[in-house]
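Here's a structure to get to know piece by piece. Have a look at it before reading on.

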Amino acid sequence: MNMEMKGIINESLQALNDDESYLPDMQGDDREKAFKSLESILSTPNNISKSFLRVPLENGRVVRIPAFRVQHNNTLGPYKGGIRFHESVNEDEVSKLAELMTLKNSLHEVPFGGGKGGVIIDPREYTVKELNLICKKYVQYFSDIIGPDKDIPAPDMGTGEREMDWMMAEFKSIHPGHAYRGSFTGKSILNGGSLGRREATGKGVYFSFRYMMHDFLKENKKWFRENENRFAQTALDHLDKPFDIAVQGFGNVGSVAALEAFQCDHLQNRVVAVSDRNVCLYNSDGLDIPALIKYTEDHDGALPTEEGQLDDQGIKAIIKDRDELLTLEVDTLILAALEDQIHEDNVEEIKANIIVEGANGPITEQADEYLADRGVVIIPDILANAGGVIVSYFEWMQGRETQFYEEEEIYKLLFKKMQHTMDTILPQFFGDPFPLRQNCYIHAVGKLSEVLYRQGKLY
Ligand code: NAD
């Protein structure tokens, strides 16, 4: 996973330390000490809680399932982050994801800290009744550290609104009389979930691309033309031209991002390829994304893999090997499947010069450096895929106010928040030599550090 955050955080701290206008009152030894404190605060979580959930299975066997919750930092607000149910999840991975959440929230000015949870199971091996019990036990074991003002979990890999509903219900039973709707986000609408939460990440992913490569570029084209920066030159090459886009992963994030691109027809962008775990589908004239979504809805989330299946739906596409998608001759890749998809063995074959990270860490560190040297613009996970946590924040607010927003209102608020972040970061990014990821980290670390400083915690 491209989760080697220590390096990028330390580089961000160095850049902030070198910037004399940053925390100007901190000088000499005090400054050295403050930056050392920051390094240790950011590189270690505040708490790691671990338990073995004791679960009686339907076959009569009783198992002990390892589960944990990592609370990285709550300087900016209650800890916030998903709970992952996966057989390979481990404490190290969860800790890094919790750290990413701290910085993602700082970057987008969401008043939450960073947390993450994990349960080491393959959820497909358990019955619904057993999964319900696992969820209840998780809340029972961690009930003291979870809550609307302490730590607010959400879905992640292997969990969804069903699990959040179960967990919220258990929280309510354990803490009768307490406000409970804000204890979990990503719940069903009936249980206080927010309209638009399911679509939020995919919509945000496409918005980050559209805003940067169309609106911001167009608005500032004179400034771009006067700029020597290699990333600005890459962007300029696309001025007023439609994009051919390939989307890896056709689940919650990828299918919504693809649909946004398809529906944004005034820009004439085309989604020419999509892939899932089985197949890549290609059409140089653009794929019929609504028809593909309809197909996946009727087929357990899977794209068609055979010509007959395409013909039956009237979908025109060439079937290719799954991983061919990554090296297609396209302008933009949206990576919305898994981590580590572009790595040292395939990076030299990548043709796209705009890449959007819908998944967390889909590009390895070495590949990231190679692409940045080539002037490829990468819109990183921390910036592009924050739609989920931003709308989770709206869900948490709605739960507290017991007042619910219309779906369109949610998207308006989401885009406004993301645009605010981009308006802050993009002028800096296109004007200096650092890649966008580094710029985002400098900003996120800088914001958090300044709050810690003002709270008198840097000693
Ligand atoms: P999902 O399970 O709904 O969809 C994943 C998709 O990826 C599926 O279409 C699957 O078939 C496909 N896939 C799996 N392996 C593949 C491969 N090797 N090549 C191509 N496609 C492959 O998951 P999601 O919610 O869409 O999340 C996608 C990624 O985005 C995950 O890494 C997740 O952690 C990240 N993410 C999701 C959210 C969110 O709100 N859902 C928020 C932030 C980050």
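In what order do the five strands of the open sheet come? They run β1-β2-β4-β3-β5, and the pairing is mixed. Two strands count as paired if DSSP finds at least two bridges between them. At the edges stand β1 (47-56) and β5 (151-155), each with a single partner strand, so one side of each is left without a neighbour in the sheet. On average, neighbouring strands here are turned by 20° against each other, direction ignored; the axes are lines fitted to C-alpha atoms, with angles from 0 to 180 degrees between N-to-C directions.

Before going further, a word on the model: it's predicted, so local features need pLDDT of at least 70 and side-chain atom pairs count only at pLDDT 80 or more, while totals for chains, interfaces and linings use all residues. Residues are numbered from 1 along each chain as its sequence is written, and side-chain values use heavy atoms, leaving out hydrogens and water.

Now zoom in on one pair of strands. β3 (residues 79-85) and β4 (residues 114-119) pair in the parallel sense over three bridges, and R84 sits opposite G118 in β4. Strands (E, at least two residues) and helices (H or I, at least four) are DSSP runs, numbered from the N terminus.

On to the helices. Helix α1 covers residues 5-18. Its buried residues (under 20% relative accessible area, 1.4 Å probe, protein chains only) are M5, I8, I9, S12, L13, L16 and N17. They pack against α2 (28-43), α3 (91-107) and α16, where contact means heavy atoms within 4.5 Å. Just after α16, G456 takes a positive phi of about 70°.

Note on methods:
Expected span 1.5 Å × (residues − 1). Buried < 20%, exposed > 50% of the residue type's maximum accessible area, 1.4 Å probe, protein only.
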